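Hello,

Here is the structure I promised to pass on. Please have a look at it first, and then read my notes below.

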Amino acid sequence: MLRLITLISSLSAFLFLYSSEVMAAEEPTREQILEMRMDYYIKYSSVTLPWYYLAAVDQYERNIQQVRNDIPTREGVVAIQFSDDYWTGILNPEMNDIDITSIVLFDGNGADGNKDGYADRNNDDDVMYAMSEYLSRYGPTEKDFKRALKDYYHKDETIRQILTIAKIYKEFETINLDKNAFPLALQHNYSYRSTWGDRRGWGGRRMHEGTDLFASHGVPVKSTTYGMVETMGWNDYGGWRIGIRDMHNNYHYYAHLANYNKGIKEGDILEPGTVIGFVGSTGYGKKWTSGKFPPHLHYGIYKYNGRIEWAYDPFPSLKRWEQEERKAKKSK
Ligand SMILES: [Zn+2]
């Protein structure tokens, strides 16, 4: 009798799990999507093509589709998409050709990853296979990868952005990296308000592209994201400043620092919350100029869309990160 009850209860548990699995399949969570994506990267990687190269190209494509109106947003688990010319061949009269024989005949690059006999750009396997084929032609080194990107995208900024994403993924061995941090520790006194577009005090007529966070001299400044240190050093406007590029095509700019965290250098991969420097009032003059204004952190975010980089208002993000950290602290 007991065994029967055990059997029934485990059966109902199985049925319950099964039905929730089915429900989950209809509306995949963010984690499930990331897992499916990672499966594609692993599947189409090889000894000479690491998964994080494929992942970086895919993430870059996703980033630009989110901010560009002239390119379609690809439906699917992966975002990589190819032009008609690239996929079917320049002289192919059938722009949506999925027939491998004629694609090959017209020198197209369309590929059949899921082995169903068609090279279909709506199929995630097919696009992943085509991209892995393309990148593999160049060879196994980072230099080869750069050459492949140069031939494909033609722009140095794009190559730099994709390499940064690849390095971040490689370092953390995951693509699940969407955590953020507020740039100042919450226990310090600080104040900030939306100053987007205000007139600036120095350097002619420039619009204020960022948020000023006022705090005492020496308060630690933290990276808000996962990213790579792209720029460090003196700038006549920003004083001692640091620029960090993340995997969403954003360049985070921290200015007027008193000094840097000595343990950090250009090319380093950071995570959110890592101390990068300390609040100061440097800038508005030649090297070491300081004290021309009250100490504060100037924080700006610039977005690269594959063509240009432009500043957007970081104030809403700062508010959100601050609130998230407050909440996390309370629940501890
Ligand atoms: Zn400022």
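A word on helix axes before the rest: they are lines fitted to C-alpha atoms, for helices over the stretch in contact, and the angles run from 0 to 180 degrees between N-to-C directions. Helices (H or I, at least four residues) and strands (E, at least two) are DSSP runs, numbered from the N terminus. Please keep in mind that this is a predicted model, in which local features need pLDDT of at least 70 and side-chain atom pairs count only at pLDDT 80 or more, while totals for chains, interfaces and linings use all residues. Residue numbers start from 1 along each chain as its sequence is written.

Let me start with the domains. The domain assignment (an automatic or database one) gives domain 1 as 28-81 + 121-172 and domain 2 as 190-330. Their C-alpha centres are 29 Å apart. Between them, 13 residues of domain 1 are in contact with 12 residues of domain 2, where contact means that the C-beta atoms, placed from the backbone, lie within 7 Å.

Which elements give two or more residues to the side of domain 1 that touches domain 2? They are α3 (51-67) and α8 (156-172). The largest share, eight residues, comes from α8. By class, this side of domain 1 has four nonpolar, five polar and four charged residues. Here Ala, Val, Leu, Ile, Met, Phe, Trp, Tyr, Cys and Pro count as nonpolar, Asp, Glu, Lys and Arg as charged, and the others, Gly among them, as polar.

Now for how α3 and α8 pack against each other. Their axes come within 8 Å and cross at roughly 130 degrees, so the two helices are oblique to each other. (Angles under 35 degrees count as roughly parallel, over 145 as roughly antiparallel, 65 to 115 as roughly perpendicular and the rest as oblique.) The crossing is right-handed, that is, the near helix is turned clockwise from the far one by less than a right angle. On the α3 side the contact includes Tyr52, Tyr53 and Tyr60, and on the α8 side Ile162, Ile165 and Tyr169 are among the residues that meet them. By class, this contact has 10 nonpolar, two polar and one charged residues.

α3 also meets helix α6 (residues 124-136): the axes come within 11 Å and cross at roughly 120 degrees, and this crossing is right-handed. Tyr53, Leu54 and Val57 of α3 make the contact with Met128, Met131, Ser132 and Leu135 of α6. Six of these residues are nonpolar, one is polar and none is charged.

α8 has a further partner in helix α7 (residues 142-153), with axes that come within 9 Å and cross at roughly 135 degrees. α7 and α8 are therefore oblique to each other, and their crossing is right-handed. Lys146, Leu149, Lys150 and Tyr153 of α7 meet Thr158, Ile159 and Ile162 of α8. That contact has four nonpolar, one polar and two charged residues.

Finally, domain 2. UniProt, in an unreviewed entry, places the feature "domain: M23ase beta-sheet core" at residues 206-306; such annotations may be inferred rather than shown by experiment, feature names are shortened, and positions are in the numbering used here. The end C-alpha atoms of residues 206-306 lie 24 Å apart, and the span is 0% helix and 50% strand.

Best wishes

Technical notes:
Contact = placed C-beta atoms within 7 Å.
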